[in-house]
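Please look over the model below before reading my comments.

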Amino acid sequence: MVDQVMFARENLQRIHAVEHSFGPSGKSLSKPGRVLIGEGLLMKQSRREPQQKVFFLFNDVLVYGTIILNGRWHTNQQVIPLEDIQLEDLEDSVTMRNQWLIRTPRKSFFVAAASYEEKRAWMDHIMDCRSRLLQNGGYKPGSTFAVTWIPDKDSATCMRCSDRFTTTQRRHHCRYCGFVVCGSCSKKRAVIKHIHPKKRLRVCRMCHSSLVRKEVEAKERSLLRGDSTRKMGSYEDDMDMSEEEPEVAMEDHNSSRLTESKNVSWSPYVYLNSDHVMPQ
C-alpha cells in the first residue's frame, strides 16, 4: 500500500513538471491512470532540417515539443494518442542514424535516437504501451495515416511542373502526397478528413483531381444505397491564398529557430517506470 501511494505521488509530480515545462500554452496532462513511462531527446526531421525535440512517453499518449531551455522550458506541445501511432523501423541514412518513422493520422515524421540501444528502448516501450492500451479495450487503432513530407532541400524544382524554386517562387507541401510544390501547383484546397475533419488544406492539382473523383464516386455509391442524408465534404477552391502553413502540418518556424541541434547536448532516454503499471 505504501509503495502504491509513493508511486502515485511521484508519478503525479513528474507529470506536473512536464505540464509546467510547456507553460500556459500547453495542454493539461494530468489524468487518472496516466503514467509517465520515459522521456528524452530525439532528432526530428522537419521540412528544412533535423531538429532536436523533447519527447515524453506516457502509457496512453506520446507528447513532444520544441526545446527553448533544455529541461525547463518547452513550447509547441503536440499530444498523440498511442492508439493512433504506427512505427516503422528504418536503416541509417546519410543525415540521420538510429532512425525510425512515426506515423499518425494527422502527421507522419522521422525521428532518430543518440544510439541504437535508445532507439530500441523508445520503439519497444511505445509499442508495449500501445499494445496494453488496445488490450484494455475502448480504444480503436488508427487505420489511415498522413504521408511524410519530402524535405525542402531534396527538391530544387516543383515536383509537379518542374519550375525552379527561387526567393519569390516559394516551396509548399501538398498535404495529401507530401510532394514539394510551387504556389501555382498548390492553389487548390481540400478536406483530408484524417488530418482535419473540416478544414481545407493545401493540395497539389493532381491530388485535388483525385480527391474530387473519389468524392463523386462516394456520393454516387451513397445515392445507390439510398443514403440521402449523408453529407459530403466540399472540394471547392479556397479563396484565401495565405502563405502560412497550417499548424497541424509543421512546426512554428519562429520558435523552432530559437534552438539549434548543434547547441543542445544529447540527453539519454530516461525509463521511469519499468512495469508500466502502478504497484499492486
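The numbered points below cover the cores, a loop residue, salt bridges, aromatic pairs and cysteines.

1. **Basis.** This is a predicted model: local features need pLDDT of at least 70, side-chain atom pairs count only at pLDDT 80 or more, and totals for chains, interfaces and linings use all residues. Residues are numbered from 1 along each chain as its sequence is written, and side-chain values use heavy atoms, with hydrogens and water left out.

2. **Main core.** The largest nonpolar core has 22 residues. Such a core is a set of buried Ala, Val, Leu, Ile, Met, Phe, Trp, Tyr and Cys residues joined through side-chain atoms within 4.5 Å. Buried means under 20% relative accessible area, exposed over 50%, and partly exposed in between (1.4 Å probe, protein chains only). Leu62 and Trp100 have the most contacts inside this core. Two or more residues each come from strands E1 (36-45), E2 (50-58), E3 (61-69), E6 (99-103) and E7 (108-112) and from helix H2 (116-135). H2 gives the most, with 5 residues. Helices (H or I, at least four residues) and strands (E, at least two) are DSSP runs, numbered from the N terminus.

3. Another core lies apart from the largest one. It has 17 residues, among them Cys158, Cys185, Leu201 and Leu211. In soluble globular proteins, nonpolar side chains tend to be buried together.

4. **Asn59.** Leaving out residues up to four places away in sequence, Asn59 touches Gly33, Arg34, Val35, Ile37, Leu82, Cys129 and Leu133. Contact here means heavy atoms within 4.5 Å.

5. **Asp60 and Lys31.** The count comes to 8 salt bridges, each a side-chain nitrogen of Lys or Arg within 4 Å of a carboxyl oxygen of Asp or Glu. One of them joins Asp60 and Lys31 (3.6 Å, N to O). Asp60 lies in the loop between E2 and E3 and Lys31 in the loop between helix H1 (2-21) and E1, so the pair ties together parts 29 residues apart in sequence. Asp60 is buried, at 8%. Lys31 is partly exposed, at 42%.

6. **Salt-bridge network.** Asp89, Lys119, Arg120 and Asp124 are linked in a network of salt bridges. Lys119 and Asp89 meet at 2.6 Å, N to O. Lys119 sits in helix H2 and Asp89 in strand E5 (residues 86-89), 30 residues apart. Lys119 is buried, at 3%, while Asp89 is partly exposed, at 41%. Arg120 and Asp124 have their closest N and O atoms 3.0 Å apart. These two are 4 residues apart in H2, so about one helical turn separates them. Arg120 is partly exposed at 23%, as is Asp124 at 42%.

7. Rings of Phe, Tyr and Trp (its six-membered ring) pair if their centres lie within 6.5 Å; planes under 30 degrees apart count as stacked, over 60 as edge-to-face and the rest as tilted. Phe55 and Trp122 are edge-to-face because their planes are at 75°, with centres 6.3 Å apart. Phe55 lies in E2 and Trp122 in H2, so this pair ties together parts 67 residues apart in sequence. Both are buried. Tyr64 and Phe109 are tilted, with centres 5.4 Å apart and planes at 55°. Tyr64 lies in E3 and Phe109 in E7, 45 residues apart in sequence. Tyr64 is buried at 2% and Phe109 at 3%. Phe55, Tyr64, Phe109 and Trp122 form one aromatic cluster.

8. **Cysteines.** How many disulfides does a search of the whole structure find? It finds 0, a disulfide being a pair of cysteine sulfur atoms within 2.5 Å. For Cys204, the nearest cysteine sulfur is that of Cys207, 3.6 Å away. That distance is too far for a bond. Cys204 is buried at 0%, and Cys207 is buried at 7%.
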